[in-house]
Structures are given as structure tokens and as C-alpha cells.
Amino acid sequence: MDSDQQSPFKRLNGIPADQIDVKNRREHVKKIVIEHPNYIKLLSEVEDIHFYSQESVKPDSMFLSGVAGVGKSTVLEEYTNRFERQIVNNNTVIPVLYSTVPVGATPKSVASKLLYSLGDPLYERGTEIGLTSRLLNFIKKCKVELIIIDEFQHLLDRDTQHVLNKASEWVKSFCDEAGVPIILCGFPESKKIFKFNPQLDRRFLVKLKMEGFYYNTQEEQIEFRTFLNSIDKRLPFVESSSLASKQLADKLYYATNGLPSHLNKILYEATALAAKSGSDSIDENHLYEAFNKLEFSTRPFVSNPFTVKEFNIVEAFEIEKLRSKDAN
Ligand SMILES: Nc1ncnc2c1ncn2[C@@H]1O[C@H](COP(=O)(O)OP(=O)(O)OP(=O)(O)O)[C@@H](O)[C@H]1O
Ligand SMILES: [Mg+2]
């Protein structure tokens, strides 16, 4: 496919891209966001929570979990960006407040981070009680309608009864007093806070899980290949890289286990390799080299599927499993 007219990136025709061009192409890859079915579904759940809670006597809240790299923050940030901060009568209006929990957080540092996200210059000053009450005031003053707290697992980094107790109590009363819907988002492990505190659980009965792509059924394969096709169209090259072809899709699924973050990382590296070699698309050799540069700690026994002739995805996963069994 030749799409010279649509692509803002020029044809290289075998001439290596210069450093700035390579950098621009890589940055472009980092920013690719595809509205795949899971993404759209989650976005609409967030929209519902936000919309139906407005002026409600009891706003709904939600807990969203998912393993690293499935795309949780991408959805939440995209939703936040839809609502611009505005100055109205000398007052900053922040319809959607997005904040992350810092590593090793305590309720005090969460309150402080939320104040920082609201733009309070004194976000570090005060006791836990002082910061929390300032935070609640700011939420009203800035007319916050929805609060999104990402990286929630960090509130449970120091996993003791005392920490869980303190953290869950703080979140519970914060929810009650904020009076707006809250979306907590974190790793699946952070769910344990709800088991620990049934009162908090009652406030977060809606628990959603974001998952990566699957590849077992024909529908699942089509979904993943459609995702690849959309990405391919957005790659910073004038020619198609045929990512969605059956052969490459099998290999890309095996290499990434259906995780958008891993796919993006491979394509990010492969983009640089392709552009540096003056290529107008990413080919399997670029993917092979890109994959070799990366080490996925969660898959120590994965093998490089690219450039393998007659690649069999089922066998490849089985071999990986056997290797991992042998090592244990
Ligand atoms: N909808 C999407 N389309 C294309 N790429 C995506 C999409 N969602 C996520 N990605 C890719 O995956 C990367 C990781 O996504 P994101 O940071 O949203 O994951 P996460 O679930 O928040 O992970 P973590 O738990 O580690 O914070 C993104 O930087 C992007 O490259
Ligand atoms: Mg995230």
C-alpha cells in the first residue's frame, strides 16, 4: 500500500533517516492510541459513572484492575483530557481530576499528590488531617465532578495490617466526604484492600477488569489482527508493514502475549531500526532485532519468533512452558 499522501513522514527510498527524523518517528509511535473494543467499553463505563453521578445523592464509584501494560492509564488519561481545565471568575474549574498514587504512599502522601494535581502550591504543607481537609475544600472549589486515582497498588506497598487498616479507612472516609464519584485503578493484587475492609468494598462494588488481547478463538484472532491493522496504518512509514498478516500476527501475539505495552515497545525499537536503514516499512528483520534488544522479565523463556520459518504459535507457547517447568 502506498500512502505517501496521508503520511506526514517522507519516503526514505533506502536513504537512512537522520537523527531528528528517527526521533520524530519514534515519538510518533509512542503516541499511537487505538480505540479497540476493550478501550471503547471501558471509556463508556467511565463516561457512565461520571454522567450518572452528577447531582446524584450518592455518587457511584468503581475499581478498575489490570496487569501492567494493558492500557488502563491510557483510557483514563484520554477521558481526563476530554475535559479541559478552565478559569471561571478567577477560579480554576477541574471537571475531572486524575492523579497517581506515589510509590510507598501513605494516606498523607496521597492527599498531598491529589492537591498537587489540583495545582495547590502548598501541597506539601500540613498534617494528614490538614491536607485532607484542604483537599476536600479544593474539590468543591474547583467543581471537581470525577476523581481518578491511578497506581492504587502503591497505597498498599507496605503490606501490614496497620497500613491496610489506615489506608482503607482513609479511602473510605475520603469517598464519603468528597461527594463525587471516584475511580480507583491498580494492579489486580490491590483488590485485597476490599476483602480487608467490607465497608470500603460496599462503596466499590463495581469492579472492572481490563485485559489484554486473547488469541484462542477466531473472533479473538480477528480482534487482535484488527488492532494490528489499525496500528500499521498509523506507523510513521509510507508503506504498510503487514503487521496484520496471519504470519506476523501469530508472531506478534506470541512476542507480546497480547499486551499493548509490549507491542508498542517492539514497534518503537523496530521503527528506529527501519528508519535508520532507510526502509519505508518495518520488516521481520527489524522486528527480530528489536525483540532481541528487549528483555521481558515476566517471560524468561520466551524465544524470538521473528524470521522463524513455519512458525507455530501453539508449539511456541508449549515450548516456553516446558522450558519454564524444567527450570523450576
Ligand atoms: N489503546 C491503545 N492503543 C495502542 N497502544 C496502546 C493502547 N493502550 C495502551 N497502549 C500501549 O501500551 C502502553 C501502556 O499503556 P498504559 O500505560 O495505559 O498501561 P497500564 O495498564 O496503565 O500499565 P501500568 O499498570 O504499568 O501503569 C502505552 O504506552 C501504549 O504504548
Ligand atoms: Mg498505568
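This is a predicted model: local features need pLDDT of at least 70, side-chain atom pairs count only at pLDDT 80 or more; totals for chains, interfaces and linings use all residues.
Let me start with the ligand. Which residues come nearest to ligand 1? There are 19 residues around it, and Ile34, Gly69, Lys72, Ser73 and Thr74 come nearest. Now the polar pairs. An N or O atom in the side chain of His36 sits 3.5 Å from a nitrogen atom of ligand 1. Glu151 has a side-chain N or O atom 3.4 Å from an oxygen atom of the ligand. For Asn264, a polar side-chain atom is 3.2 Å from a ligand oxygen. How much of ligand 1 does the protein cover? On its own, the ligand has 630 Å² of accessible area, and the protein covers 81% of that.

Next, the nonpolar cores. The largest one has 42 residues. Within it, Ile231, Leu235 and Leu267 touch the most other members. Helix 11 gives the largest share, nine residues. A second core of 36 residues is separate, and Leu97, Leu118, Leu131 and Ile193 are among its members. As background, nonpolar side chains in soluble globular proteins tend to be buried together.

Stay with Leu235 for a moment. Beyond its neighbours within four places in sequence, Leu235 contacts His28, Val29, Ile32, Ser241, Leu243, Leu267 and Ile282. One of those, Leu267, is also on the list of residues touching the most core members.

Now helix 12, and His286, which lies in it. Is His286 buried or exposed? His286 counts as buried, because its relative accessible area is 8% and the cut-off is under 20%. A polar atom of its side chain lies 2.9 Å from the backbone nitrogen of Asp283. Away from its neighbours within four places in sequence, His286 touches Ala270, Leu273, Ala274, Ser277, Ser279 and Ser281.

On to helix 6. This helix has 18 residues. From first C-alpha to last it reaches 25 Å, close to the 26 Å expected at 1.5 Å a residue. Its buried residues are Val163, Leu164, Ala167, Ser168, Trp170, Val171, Lys172, Phe174, Cys175 and Ala178. What do they pack against? The partners are helix 4 (107-118), helix 5 (128-141), strand 5 (146-150), strand 6 (182-186), helix 7 (192-196) and helix 8 (198-203). After helix 6 comes Gly179, with a positive phi near 70°.

Take one residue from that helix. Ser168 sits in helix 6, residues 161-178. Ser168 has 0% relative accessibility, so this serine counts as buried. Its side chain makes a polar contact of 3.0 Å with the side chain of Asn197. Leaving out neighbours within four places in sequence, Ser168 is in contact with Ile193, Phe196, Asn197 and Leu200. Ile193 is also a member of the second core.

Last stop, a loop. Pro188 is in the loop between strand 6 and helix 7. Val308 is 120 residues from Pro188 along the chain, and their C-alpha atoms are 35 Å apart.

Technical notes
Residues are numbered from 1 along each chain as its sequence is written. Chains are lettered from A and ligands numbered from 1 in the order in which they are written. Side-chain values use heavy atoms; hydrogens and water are left out. Helices (H or I, at least four residues) and strands (E, at least two) are DSSP runs, numbered from the N terminus. Buried means under 20% relative accessible area, exposed over 50%, partly exposed in between (1.4 Å probe, protein chains only). A polar contact is a pair of N or O atoms within 3.5 Å; within protein, one must be able to donate a hydrogen and the other to accept it, and residues adjacent in sequence count only if both atoms are side-chain atoms. Contact means heavy atoms within 4.5 Å. A nonpolar core is a set of buried Ala, Val, Leu, Ile, Met, Phe, Trp, Tyr and Cys residues joined through side-chain atoms within 4.5 Å. A residue is near a molecule or strand if one of its heavy atoms lies within 4 Å of it. Accessible areas come from the Shrake-Rupley method with a 1.4 Å probe; for residues, only the protein chains shown count as cover. The expected span of a helix is 1.5 Å times one less than its number of residues.
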